[in-house]
Amino acid sequence: MITDVRENRLLVTSDTHVGSLFCDARRGLVRWLDYACAHKYNVCINGDGIEVQYTSLTRFTTETAALLRDIRRLASEITIYYTIGNHDIILEHYLGEWGGLRLVPYLNVSSATKRIRIEHGHLYDTSLMTRPDLRYGLRRFFCFLCRMYPPGFHSYQMYETLRYRYLRRLLGHDRHLLDSPVTRDVSPSFHEAAEDLAQRGFDAVIFGHTHRHGVLPVNGNRARYFNTGSWFDQPHYVVIDNGEVELRPWPS
Amino acid sequence: MAARYLDERTYETGDIIFAEGDPGSEMFIVSEGHVVITKQVAGRDVFLAAQGRGDFFGEMALLTSSPRHGTCVALVPTRLVAIKSGELLMKLRRDPTFALEMLQQMTRRIGYLEEQMAKLMEQELASRQELATILAKSEYRLRDSPG
């Protein structure tokens with residue numbers, strides 16, 4: 001199992017959900033991979049790169065096959081790491097057999113003098129970890145509803161905004177998390193996990209999963225928490241260049 | 001703050017974090033800096049390991065309640081996170097990849113020890129063979145001597 005790597009030039013994105021019925025990120029992702037290849041960056045697709053929940057068999061097979069063909073084309077020139085997320089965990093064997101991808105559970109990247117943790121972040125999603133069956137059941141039902149009315153897909157994000165931003169404001173809990181878009185509308189558990197990891201000597205912690213992009217200082221300003229958001233909205237990616245870490249938007 | 005259930009400690013260059021034979025009930029993660037671990041062998045300090053940022057040490061004493069096997073000294077100004085048994089459970093629950101990293105590091109150590117053991121066994125076998133050859137020769141000389 002690979003978890004520790006040295007990379008001076010690496011691009012990281014997440015949650016492209018290729019194959020999803022509600023997002024068409026494949027072409028954009030291939031352009032992003034081509035960009036990385038042209039500028040001699042290795043890349044990490046940090047979880048939920050491929051969708052298996054909100055999809056149909058036809059869409060899944062056509063989109064995934066097309067993406068994996070491009071990945072195999074580029075894999076001879078750059079290293080492509082693929083962190084397993086929660087939407088693609090059942091594809092782990094399939095993706096491993098296909099070739100071109102280096103599957104990892106998470107990555108500890110050494111870049112110049114910096115240590116960077118790259119992890120999808122679903123392990124810190126308390127509802128997913130404590131009640132997975134309920135969560136998957138609700139997801140399937142929600143997917144069924146969204147297939148009948150696709151714009152309704154964004155109602156889930158509205159629900160999370162209501163749940164965390166307004167309830168938090170109302171109850172006066174975790175008010176410091178309201179200041180940043182990366183923590184405002186999600187469970188505080190992700191921020192806590194980033195704090196825990198930073199305390200273990202990481203200079204940067206990069207998650208995906210929450211679909212909220214942004215940057216936040218952690219561990220008393222000694223480290224930074226990055227989230228690359230998702231490709232459902234405005235795609236973002238992190239650039240690691242000789243220890244410098246930066247979040248950038250990707251033109252969709 | 002989130003991770004503040006853990007005890008953070010700072011040490012200056014040359015500070016002893018623990019000494020060999022001390023009772024130990026906590027392990028450490030290096031948050032910043034470097035430490036070196038040595039052991040007394042035949043009255044001399046023998047280097048065991050150097051640990052940097054992200055590494056952990058002292059887990060043997062925590063997991064087996066045994067005294068410290070070596071002496072740990074800060075090489076530079078160092079910040080450590082100290083973890084006791086109850087906190088370790090909490091840490092593993094909140095930060096599950098830490099368990100995987102502990103297993104990886106311990107597996108590497110076992111691999112290293114196995115290599116060392118194989119080398120020692122090889123040396124011992126070679127010296128035994130040498131001894132057997134010497135004995136066989138001396139026996140042959142005794143048998144063939146005129147007296």
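Two residues are in contact here if their C-beta atoms, placed from the backbone, lie within 7 Å. Keep that cut-off at hand for this tour of a predicted model, in which local features need pLDDT of at least 70, side-chain atom pairs count only at pLDDT 80 or more, and totals for chains, interfaces and linings use all residues. To find your way, number residues from 1 along each chain as its sequence is written, and letter chains from A, with ligands numbered from 1, in the order in which they are written.

**Stop 1: a pair of helices in chain A**

Select residues 26-38 of chain A, helix H1, together with residues 57-74 of chain A, helix H2. Helices (H or I, at least four residues) and strands (E, at least two) are DSSP runs, numbered from the N terminus. The two helices pack at an angle of about 5°, and their axes are 11 Å apart. H1(A) is therefore roughly parallel to H2(A). Angles under 35 degrees count as roughly parallel, over 145 as roughly antiparallel, 65 to 115 as roughly perpendicular and the rest as oblique. Axes are lines fitted to C-alpha atoms, for helices over the stretch in contact, and angles run from 0 to 180 degrees between N-to-C directions.

Now show the side chains where they meet. On the H1(A) side, pick Arg26(A), Leu29(A), Val30(A), Leu33(A) and Cys37(A); on the H2(A) side, pick Glu63(A), Ala66(A), Leu67(A), Asp70(A) and Leu74(A). Coloured by class, the contact residues split into seven nonpolar, no polar and three charged. Here Ala, Val, Leu, Ile, Met, Phe, Trp, Tyr, Cys and Pro count as nonpolar, Asp, Glu, Lys and Arg as charged, and the others, Gly among them, as polar.

**Stop 2: around H1(A)**

The expected span is 1.5 Å times one less than the number of residues.

Which residues of H1(A) are buried? Select Arg26(A), Leu29(A), Trp32(A), Leu33(A) and Ala36(A). Look down the axis of H1(A): these buried residues fall within an arc of 120°, so they line one face of the helix. The arc is that of the directions from the helix axis to the C-beta atoms. A residue is buried if 20 or more other C-beta atoms lie within 10 Å of its own, exposed if 12 or fewer, and partly exposed in between, with C-beta atoms placed from the backbone. The cover over the buried residues includes strand E2 (9-13), strand E3 (42-46), H2 and strand E11 (236-241) of chain A.

**Stop 3: around H2(A)**

Move to H2(A), whose 18 residues reach 26 Å from first C-alpha to last, close to the 26 Å expected at 1.5 Å a residue. Its buried residues are Glu63(A), Thr64(A), Leu67(A) and Ile71(A). They cover an arc of only 100° around the axis, which puts them on the same side of H2(A). They pack against H1 and strand E4 (80-83) of chain A. Turn the view to the face away from that buried side, and you find the exposed residues Leu57(A), Thr58(A), Thr61(A), Ala65(A) and Arg69(A).

**Stop 4**

Most residues other than glycine have a negative phi. Select Lys40(A), in the loop between H1 and E3 of chain A: its phi is positive, about 60°, although Lys40(A) is not a glycine. Lys40(A) is exposed, with 10 other C-beta atoms within 10 Å.

Next, go to His209(A), in the loop between strand E8 (204-207) and strand E9 (213-218) of chain A. His209(A) also has a positive phi, of about 70°. Is His209(A) buried or exposed? With 27 C-beta neighbours inside 10 Å, His209(A) counts as buried.

**Stop 5: across to chain B**

The contact takes 14 residues from chain A and 16 residues from chain B. Helix H8 (residues 189-199) of chain A gives the most to the side of chain A that touches chain B, with seven residues. By class, that side has four nonpolar, four polar and six charged residues.

Within chain B, select Gly14(B), in the loop between strand E1 (7-11) and strand E2 (16-18). Gly14(B) is exposed, with 9 other C-beta atoms within 10 Å. Leaving out residues up to four places away in sequence, Gly14(B) touches Val73(B) and Ala74(B).

Finish at Met90(B), in helix H2 (residues 85-94) of chain B. Met90(B) is partly exposed, with 15 other C-beta atoms within 10 Å. Draw a C-alpha to C-alpha distance from Met90(B) to Leu6(B): 84 residues apart in sequence, they lie 9.6 Å apart in space.
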